Structure formats: C-alpha cells, structure tokens
Amino acid sequence: MQTSQELYITYTELLQKAADLYYASAVLQWDQETYMPPKGAEHRARQLATLASQAHEMLTSDAYGSLLNELATRNDLDDTAKNNVRLSAEDYTKNKKLSPEFVEEMSKLTSECFNAWIEARKKNDFTVFAPSLTKMIALKKRQAELYGYTNHPYDALLDEYEKGASVAILDPVFSGIKEQLPVLLAQIKAATQVSCECFHQHFPKQQQWDFSIDVLKSMGFDMEAGRQDYSEHPFTTSFSPADVRLTTRVDEENYASLLWSCIHEGGHGLYEQGLPEEQYGLPLGAATSLGIHESQSRLWENCIGRSKDFWLGFYPKLQQYFPEQLGNVSVATFYKACNKVEPSLIRTEADEVTYHFHVLIRYEIEKALIEGSLDAKDLPAKWNELYTKYLGVAPVDDKTGVLQDVHWSHGSFGYFPTYTLGSFYAAQFYHQAQQDISGLKEQVRAGQFGPLLQWLRAHVHQYGRRYTSEELCTRITGKGLDAAYFMQYIQDKYNDIYEIKGKQ
Ligand code: CO
C-alpha cells in the first residue's frame with residue numbers, strides 16, 4: 001500500500017500539470033486581449049479549446065477521482081494537505097457535472113462571443129453581438145441545469161464566483177442599496193456640487209503611464225514578477241505569483257480612466273503576487289473568491305487611492321508630472337474631483353455611491369435572462385429602462401449602454417454582484433486595518449504602504465482558498481459581511497466632501 005505522503009505527491013503532480021495547461025491558456029487569453037492581431041482569432045479559439053478540454057479531462061478522470069477518495073480516508077496528512085484534498089474533492093464533484101463536449105463548446109463559444117462583442121463595439125451596434133449572446137445565454141442555462149440548484153437557476157452560476165452566494169442572500173443586499181443609497185444621493189444632489197474639470201484636460205499618454213508605474217511600485221507591486229500593458233477593458237491575470245499581468249486603458253482627454261483602473265488592477269495584482277508560491281496549482285495557492293479578490297482592488301482604489309491622506313502625500317509628485325495641467329489646482333480641489341458623485345452611464349467610471357446602482361441593474365438583468373423572463377434581443381430596451389429608473393440617465397447608443405462590459409461575452413453571468421460584495425468587504429476590512437495598524441493614516445500620507453500590504457498578506461493573501469469569504473471575514477473582523485460598514489464609510493466620506501450637515 002502506498003503511504004499517504006506518496007499519494008499526496010501523485011495528487012500534487014497531477015494538479016500542477018493541469019495548472020500548467022490552465023496557465024498556458026491564460027497566457028493565450030492575455031495575448032488575445034493585448035497584442036494578438038485580428039486574423040489570429042480563429043486559430044486562437046481552437047488552441048484555447050484544446051487546452052481547456054485537456055485540463056478538464058485530467059481533472060475529471062476516474063483515476064483522479066479514486067485518488068481523491070483514497071486521500072480522503074487518510075488521517076495522517078497535515079492540515080495544509082487535508083485542506084487541499086477537501087477543496088479538490090469539491091471541485092472534482094462539480095467538474096464531473098460538465099462533459100468534455102460541453103467544456104469545449106463553451107470555450108469555442110466564448111471566443112466567438114468575445115470577437116462578436118469587439119466587432120459590435122466597433123460598429124456601435126448591439127445586433128452584431130445579439131446572435132452569439134443568445135447562444136451564450138442558452139449554454140449558461142444548460143450549465144445551471146447541469147450544476148443543479150435548489151431555488152433559482154442563477155444560484156448555480158453565482159456559486160462559480162462566490163461560493164455560497166445566492167439570490168436569497170443577494171436580494172436583501174441589493175434591497176439595502178435601493179433603500180439607503182438614494183437618501184445619500186439626494187443629500188449630495190442638494191449640496192454644493194464639486195467639479196472634476198481638472199481631470200478633463202489633455203494628459204499625454206506617456207506621462208500618464210509613467211506616473212501609473214510609480215504608483216504601482218509604491219503600492220508594493222513587484223515589477224520583476226509582473227507587468228502592465230494596455231487592453232480594451234482593464235483586467236488582471238496571472239500565470240503564477242511570480243508573473244502577474246495588469247492591463248489598463250488610457251484616454252488622453254480624461255485622466256480618470258487610466259488612474260483608477262491602474263490602482264484597481266494593482267490591488268488585484270498584489271493579491272495574486274501574495275498567494276503562496278509553494279501551493280502553485282493547488283487550492284491553497286488560489287484566491288478565495290471573486291468577492292474577496294475585488295475587496296483587494298476596491299480597498300486600494302477607494303479606501304486608499306481616493307482618500308485625502310493618499311493625495312496629501314502623492315499630489316506634489318503628480319503635479320511634477322503635469323505642471324501645466326495641475327500646477328494651479330489645489331490638493332483640496334483635486335481630492336474633491338477624485339470623489340465627485342454624479343449619475344452616469346459607464347460602470348467602470350462611476351463614483352463610489354452610484355457604482356452600486358450599475359451593479360444592481362446588471363444583477364436584475366442577469367437574473368431575468370437566466371430565469372427566461374427576458375430575451376437577449378430586448379436587452380437594450382431593458383437596459384435603458386433600468387438606467388432611467390435608478391440613475392435618471394439613458395444611454396444614447398449601444399457602446400455607452402449595453403455593450404460597455406466584456407463579461408457577458410466571456411460567459412461570466414453571476415460575476416457582477418461580486419463587485420458590490422468586494423466594496424462591502426473592503427470597507428469592513430479597512431475598518432479593521434485602521435484598528436490593527438497603528439499610524440496607518442500617517443503611513444498612507446507618507447506613501448508608505450508596506451505595513452498595510454503586510455497586514456493584507458497576513459490576513460487575506462496567504463490563505464488562498466483555505467476559508468470561504470464569510471469565514472475569512474469572520475476571522476478578520478469578528479463577524480460575517482455587514483453592509484453597515486460600507487454605509488458608514490461612504491456617509492462619513494461624503495459628509496465631509498459635500499459638507500452635508502445633519503444626518504437623516
Ligand atoms: Co476588479
């Protein structure tokens with residue numbers, strides 16, 4: 001009989017080989033969205049499909065299943081090994097529910113759908129995207145059925161990004177947003193408005209880029225273990241903790257586009273670089289969930305990057321990069337500009353208050369598409385109706401409306417709610433960090449982020465998938481997700497910025 005240690009080594013080798021295939025396909029996907037010439041699309045689709053089906057085969061083989069079963073009976077494994085085996089067994093059960101044919105079909109359709117989305121955006125025409133999207137929705141419905149669910153088919157898809165999340169849990173979160181955020185929004189509307197004019201000047205591409213690299217380095221992003229490039233839609237991917245790729249986008253007439261996407265993706269990147277390298281390819285070497293991933297990007301982007309202390313430290317440096325544009329703009333004016341609240345059309349450029357209405361709208365649409373109460377062809381009309389209802393604005397075309405996000409072209413239904421969860425976790429974690437790290441405020445003001453990064457490494461990054469989001473949150477803050485932290489955080493922040501007096 002093989003010893004537990006021998007079995008565990010066999011298991012590790014198998015999982016790491018599957019990870020090699022997975023990360024190889026991540027390189028191809030990264031390339032597809034950064035440098036690949038348009039004519040490469042067709043062959044790239046089949047290359048990705050081949051890698052995906054091979055990895056799927058390895059992770060669903062009967063031999064691997066027996067190995068996991070055997071390992072589960074061994075009591076002499078250490079704690080780390082037991083956790084890896086437990087999580088792998090859960091993944092195995094889930095993976096077995098999708099046939100190799102289904103996985104290959106999904107991979108091919110994803111490439112087709114992504115290219116249709118790019119084409120539709122170029123032509124500013126949703127009807128170019130609609131046929132592929134209709135096929136994608138049908139396939140996602142089939143996926144929900146294959147996974148199985150108790151209450152709502154959307155639950156099966158949510159679970160992929162946020163284990164344990166469901167319509168029953170999210171409906172109350174979004175009801176809270178529907179009830180409380182309009183009150184704050186009304187207070188802000190009634191106050192003296194702040195201007196973000198200073199962002200809308202000509203900012204040369206190269207200087208924007210150079211400052212973004214400065215900021216990433218200050219945050220602690222290791223440029224020897226990662227890089228930044230341009231893409232249509234900013235994202236972060238990694239091939240190991242030692243090779244993490246960030247992408248950003250630039251608009252020379254609007255500095256906000258690159259600045260916030262860079263800090264945001266930098267937060268994601270720090271999480272990836274902080275995952276334990278010795279757990280490569282194993283569950284404890286991967287991020288907890290998308291909600292927790294997003295908590296890291298939101299914490300850096302909003303709690304740090306849009307804070308007064310951050311700019312008290314960084315603003316003089318920024319002025320050196322852009323003396324003509326910002327030489328005569330005070331740090332107080334710039335700080336307010338960073339936090340201007342205004343209902344708008346584009347999610348990724350939304351402020352911290354109205355952002356969650358953008359997510360709410362997508363949540364309601366996805367639920368309807370998956371339960372079958374909304375057809376893809378009716379999407380633009382529904383989109384415009386909900387934007388008018390919640391934000392009082394309506395898109396003038398598809399590009400600023402229903403075609404703005406890449407997610408549906410990737411088949412990522414159930415992903416959007418993790419953005420709101422991320423902001424809420426971020427507020428709760430940052431509240432705790434301020435209590436745990438003495439002098440944090442002064443450190444942020446001095447551009448010293450080492451202690452904060454260490455705190456995040458120790459409390460979040462090092463654990464990989466060992467705990468669920470809720471378990472992790474409870475370990476860090478003493479309780480599960482509590483929306484009150486986020487509500488308090490934004491109320492305090494905007495009371496100050498908009499000089500709102502007298503709480504309601
Ligand atoms: Co993000």
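A polar contact is a pair of N or O atoms within 3.5 Å, where, within protein, one atom must be able to donate a hydrogen and the other to accept it. By this rule, twelve residue pairs are in polar contact across the interface of domain 1 and domain 2, with both residues at pLDDT 80 or more. The model is a predicted one.

**Domains and their interface**

The domain assignment of the protein gives domain 1 as residues 4–148 and domain 2 as residues 190–342 + 409–498. Their C-alpha centres are separated by 28 Å. In the contact between them, 33 residues of domain 1 meet 23 residues of domain 2. The size of an interface is often expressed as the accessible area lost when the parts come together. Here domain 1 and domain 2 bury about 2500 Å² between them, and 58% of this lies on carbon and sulfur atoms. In domain 1, the residues that lose the most area to domain 2 are Tyr 23, Trp 30 and Glu 33, which together account for 25% of what that side buries.

Three salt bridges are counted between domain 1 and domain 2. The side of domain 1 that touches domain 2 draws at least two residues from each of α1 (4–34), α4 (79–95), α5 (100–123) and α6 (126–147). Helix α1 supplies the largest share of that side, with 13 residues. By class, the side of domain 1 that touches domain 2 comprises 18 nonpolar, eight polar and seven charged residues.

**Salt bridges**

Side chains of opposite charge can pair when their charged atoms come close. Over the whole structure, a search finds 31 salt bridges. Two of these pairs are listed below.

| Salt bridge | N to O distance |
|---|---|
| Glu 232 and Arg 121 | 2.8 Å |
| Asp 159 and Lys 94 | 3.3 Å |

Asp 159 belongs to helix α7 (residues 153–161) and Lys 94 to helix α4, so their pairing ties together parts that are 65 residues apart in sequence.

**The cobalt site**

The cobalt ion has as its protein donors His 264 (NE2), His 268 (NE2) and Glu 294 (OE), which lie 2.1 to 2.2 Å from the ion. The spacing of these donor residues in sequence is H-x3-H-x25-E. His 264 and His 268 are separated by about one helical turn, because they are four residues apart in helix α10 (residues 256–274).

Conventions:
Residues are numbered from 1 along each chain as its sequence is written. This is a predicted model: local features need pLDDT of at least 70, side-chain atom pairs count only at pLDDT 80 or more; totals for chains, interfaces and linings use all residues. Side-chain values use heavy atoms; hydrogens and water are left out. Domain bounds come from an automatic or database domain assignment. Contact means heavy atoms within 4.5 Å. Buried area is the accessible area (1.4 Å probe) that two parts lose on being put together, summed over both. A salt bridge is a side-chain nitrogen of Lys or Arg within 4 Å of a carboxyl oxygen of Asp or Glu. A polar contact is a pair of N or O atoms within 3.5 Å; within protein, one must be able to donate a hydrogen and the other to accept it, and residues adjacent in sequence count only if both atoms are side-chain atoms. Ala, Val, Leu, Ile, Met, Phe, Trp, Tyr, Cys and Pro count as nonpolar, Asp, Glu, Lys and Arg as charged, and the others, Gly among them, as polar. Donors are N, O and S atoms within 2.8 Å of the metal (3.2 Å for Na, K and Ca); water is not among the atoms, so sites may look incomplete.
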